[in-house]
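Please read them alongside the coordinates.

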Amino acid sequence: GVRSLINAPRGTVLDRFSGEITSEITQHRLQVRPGLHINKTRFIGYLTHGCDPNCQLDMDRFQLVALRDVVAGELLTIDYAATEDVLHVQFACHCGAANCREWITGRLDPVNPAGLAYLAARPGRSHTA
């Protein structure tokens, strides 16, 4: 994860990033456009997922922007489905947000069999693909 070094009000550009653009999907690479991913950034590929994130990536301007006030030391979070069509690996989410999706996919990814089993086992939860 990545933590903020400063207090930053909503709308603050926390980072302007650059890196290597490639077509390969791997962990820590983020989608810039369909079929293109960025890697070798300082830290953007290490941002933590949150279903109610405090930041967003502007992939047109290559900026990390605060969605709400961020305090120094706070973990910076983005919603992976906001940039990724397909995740390198889907995973269970424990972010604790009221709107937590519990299983994280890319925005075009169907929930995989492991996710369906995970969600079906959650108390009070019914989920279908």
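1. Terms and basis. Buried stands for under 20% relative accessible area, exposed for over 50%, and partly exposed for anything in between, with a 1.4 Å probe and protein chains only. The model is predicted: local features need pLDDT of at least 70 and side-chain atom pairs count only at pLDDT 80 or more, while totals for chains, interfaces and linings use all residues. Residues are numbered from 1 along each chain as its sequence is written, and side-chain values use heavy atoms, with hydrogens and water left out.

2. Three-stranded sheet. Strands here are DSSP runs (E, at least two residues), numbered from the N terminus, and two of them pair if DSSP finds at least two bridges between them. An open, antiparallel sheet is built from three strands in the order S2-S4-S3. S2 (20–22) and S3 are its edges; each has a single partner strand, so one side of each lacks a neighbour in the sheet. On average, neighbouring strands of this sheet are turned by 40° against each other, direction ignored (axes are lines fitted to C-alpha atoms, and angles run from 0 to 180 degrees between N-to-C directions). Three bridges join S3 and S4 in the antiparallel sense. Arg-33 faces Leu-36 of S4.

3. His-37. This residue belongs to strand S4 (residues 36–39). Is His-37 buried or exposed? His-37 is buried, at a relative accessible area of 3%. Leaving aside residues up to four places away in sequence, its contacts (heavy atoms within 4.5 Å) include Glu-20, Ile-21 and Thr-22. Among the others are Arg-29, Leu-30, Gln-31, Val-32 and Glu-84.

4. Nonpolar core. A core of this kind is a set of buried Ala, Val, Leu, Ile, Met, Phe, Trp, Tyr and Cys residues joined through side-chain atoms within 4.5 Å. The largest one has 23 residues, of which Ile-44, Leu-47, Leu-57, Leu-64, Leu-76 and Ile-78 touch the most other members. Strands S3 (30–33), S6 (55–58) and S7 (63–66) are the elements that give two or more residues to this core. In soluble globular proteins, nonpolar side chains tend to be buried together.

5. Cysteines. With a disulfide taken as a pair of cysteine sulfur atoms within 2.5 Å, the count is zero. Cys-55 is in no disulfide, and its nearest cysteine sulfur, in Cys-95, is 14 Å away. Cys-55 is buried at 2% relative accessibility. Cys-95 is partly exposed, with 33% relative accessible area.

6. Aromatic pairs. Rings of Phe, Tyr and Trp (its six-membered ring) pair if their centres lie within 6.5 Å; planes under 30 degrees apart count as stacked, over 60 as edge-to-face and the rest as tilted. There are three such pairs by this rule. Phe-17 and Phe-62 are edge-to-face, 5.6 Å centre to centre with 90° between the planes. They sit 45 residues apart, Phe-17 in the loop between strand S1 (13–16) and S2 and Phe-62 in the loop between S6 and S7. Phe-17 is buried at 8%, whereas Phe-62 is partly exposed at 24%. Tyr-80 and Phe-91 have ring centres 5.8 Å apart and planes at 70°, so this pair is also edge-to-face. Tyr-80 is in the loop between strands S8 (77–78) and S9 (91–92) and Phe-91 is in S9, so the pair ties together parts eleven residues apart in sequence. Tyr-80 is buried at 18%; Phe-91 is partly exposed at 26%.

Definitions and conventions:
Helix = DSSP H or I, 4+ residues; strand = E, 2+ residues; numbered from the N terminus.
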